[in-house]
Amino acid sequence: MNKETTKGSYDVTDLTSLEKLEPVRIRPGMYIGSTGSKGLHHCIWEILDNAIDEITNGYGDKAIVILNKDKSVTIIDNGRGIPTGIHPIKKKSGVEMVFTELHTGGKFNNKNYKTSGGLHGVGAAVVNALSKWLEVEVYQSGNVYKQRFEHAFDKELGKLMPGTPVTSLETVRKTSERGTKVTFMPDSKVFSSTDFKFDVIDERLQELAFQNKGIRLELIDNRKEEPIKKEYFSERGLLDFIEYLNESKTPIHETPILFEGERIVDNINLYGEICIQFTDSTTEYIASYVNNIPTTEAGTHETGFKTGMTRAFKEWAKKLELIKEKGKEFEGDDLREGMTAIVRIKITNPVFEGQTKTKLGNNEAYTMMNDLAYTKLSEWIEDNKELATTIINNALEAAARREKIKKINEAEKKKIGKGTAPLAGKIAVCTMKDKSFTEFIVVEGDSAGGSAKQARDRRFQTIMPSKGKIMNTEKQKLENVLASEELKIFNTAVGTGTLDNYRDEDLKYDKIIIMSDADVDGYHIRTLWMTYIYRYMKPLIANGHLYIAQPPLYKVYKNTKNGEIAKYAYSDEDLEIAKKEIGKGALIQRYKGLGEMNPDQLWETTLNPETRTLYQVTIDDAAKAEKMVSLLMGDVVEPRKNYMYKYAEF
């Protein structure tokens, strides 16, 4: 046995115990996913989910989100209100418990809530922990009760603590109303930005209204001189939702397929609702939800739906004698080509992966949705044989294309072999092997590509010059996309594969960066690449690997005895600031494109990690992203024209 030494020793004095809400403050990402924009908005969802839970369980019909001038946000509902009584054991009010103790709530049994989005009982306390201050008002039993919490000195612990009550729960006035009003100020020491985005909240409220027909939601933005007020209400629920999603697509059947069902399994209440519409698109899109929460990583409810649907259509394909050759069947992917579907489930005890609730794990949900989809779609096919025949024939055509593509890919693999040797001369590959630091940069134009190859840091930056505009993959058949030489080069270099063959562990670079001119053509090229990646390599975006480089619009400079003084401006506002900084005699160079910059300028402005500006591409809202890609890149002109008129200045 080695002699024990003090060096590297580990004993009880090294153990740290975090008090009250400190764990949230120390590791916010564990509770809200990130401290960026997504995590910031997640704080609204945590409080809003509680309001929606009240409404969907029959205790209210309206919720309001208000963006205040001081950057705080207020959420109001007309539910029963958080319990204000004193807990017999804790000797604290229900309000104080909910906002200061993790895993406190009325959702751990089925007495008060049959289904609930906020099930971990940490949402309100987490928001409080990550706020500079939070105020709650409860309208209950004819009174208004109020309490305030701050990041303040905790007398009991003798130190600064997050979410500390600075007032007791006070009765402030009488009222005839009922409900809860929560106002919180996100702490700028926690979040990289505390600016709430109207569009992100707008989309979430719109989705909630579609999912919960008959409820009224409201968004008020008081941050500008002219306040913006928007109301949300859906009379037809998922039928309105699917019409909204397919606005820029051409459905092959006017009336969507809609069905629902419920069952109880081992005292677990399950309710499922599915809406389907097939379109002439070449891609499928499924929006799935559990208790109103978007499940962007799907889960057992979505898998069950897919399995049941495929089973029903395959059985009927045989009954209708549409499969003429043995072995010439279709798979689920073929069947769902061009399909838009909304899959939602309400379940008493959902098992999510992580606090951010993006993937469902309940086996009961799989069984229920599998049976529901199989039974209801079998009935629908029997009543709609002609339309079902069209859908099945389309699936068989898709299967034939898949086989053709498989052969193309196999031939391509034989040709390409392994490594990046076949790309020699087409891309300039970096020398570093550690992919956690490397960047793959797609540069618009051969001229700019040549400069970028000279300007780059060869250790970690790989350059791929793009000849110009790649094809609009939203309008192309899969085999045409996979036959594109430029996309083949991109796919081989990036390494992940596409569609169902995508493997994030095979990604060769940490950052994929699109670098195009700051003009209309450059924006179009950028959009074409983003459309391709969204459709064929969506996890690149979801996992935070896709970025947009922002080249400067102007160079403001002046020659002096000691040499040139220069500033780069990325907007007209930056230009005015740069002119003031350079002072009298400032000269202005307007860059029409990346090709006008010499390698030194390109490095300094657009490639150097120390000085460049990169925008990370994210999918804050999957339904919004799907709609926008279809709207901007699809064949239906009218919605696109309306959008361009509305956002012409943008």
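Tutor: Helices, of at least four residues, and strands, of at least two, are DSSP runs numbered from the N terminus. The model before us is predicted.

Student: How many helices and strands does the protein chain contain?

Tutor: The secondary structure of the chain comprises 20 helices and 22 strands.

Student: In what order do the strands of the open sheet stand?

Tutor: Two strands pair if DSSP finds at least two bridges between them. Here, 5 strands follow the order β10-β11-β14-β12-β13, with mixed pairing. Strands β10 (257-265) and β13 (293-294) each have a single partner strand, so one side of each lacks a neighbour in the sheet.

Student: How many bridges join β10 to β11?

Tutor: There are 9 bridges between β10 and β11 (residues 268-278), and the two strands run antiparallel. Within this pair, I264 stands opposite N269 of β11.

Student: Which strands does helix α7 lie across?

Tutor: Helix α7 (residues 238-245) lies across β10, β11, β12 (285-290) and β14 (339-347). Relative to β14, α7 runs at about 145°.

Student: How should I read a nonpolar core, and which residues have the most contacts inside the largest one?

Tutor: In soluble globular proteins, nonpolar side chains tend to be buried together. The largest nonpolar core in this model has 48 residues, and those with the most contacts inside it are L48, F99, V136, F184, I201, L205 and L217. Helix α3 (residues 37-56) supplies the largest share of this core, 9 residues. A second, separate core has 43 residues, among them L245, A493, L507 and Y534.

Student: What share of the 650 residues counts as buried?

Tutor: In the protein chain, 51% of the 650 residues count as buried.

Terms used
Residues numbered from 1 in each chain as written. Predicted model: local features only at pLDDT ≥ 70, side-chain atom pairs only at ≥ 80, totals over all residues. Heavy atoms only, no water. Contact = heavy atoms within 4.5 Å. Axes fitted to C-alpha atoms, helices over the stretch in contact; angles between N-to-C directions. Core = buried A, V, L, I, M, F, W, Y, C linked by side-chain atoms within 4.5 Å. Buried < 20%, exposed > 50% of the residue type's maximum accessible area, 1.4 Å probe, protein only.
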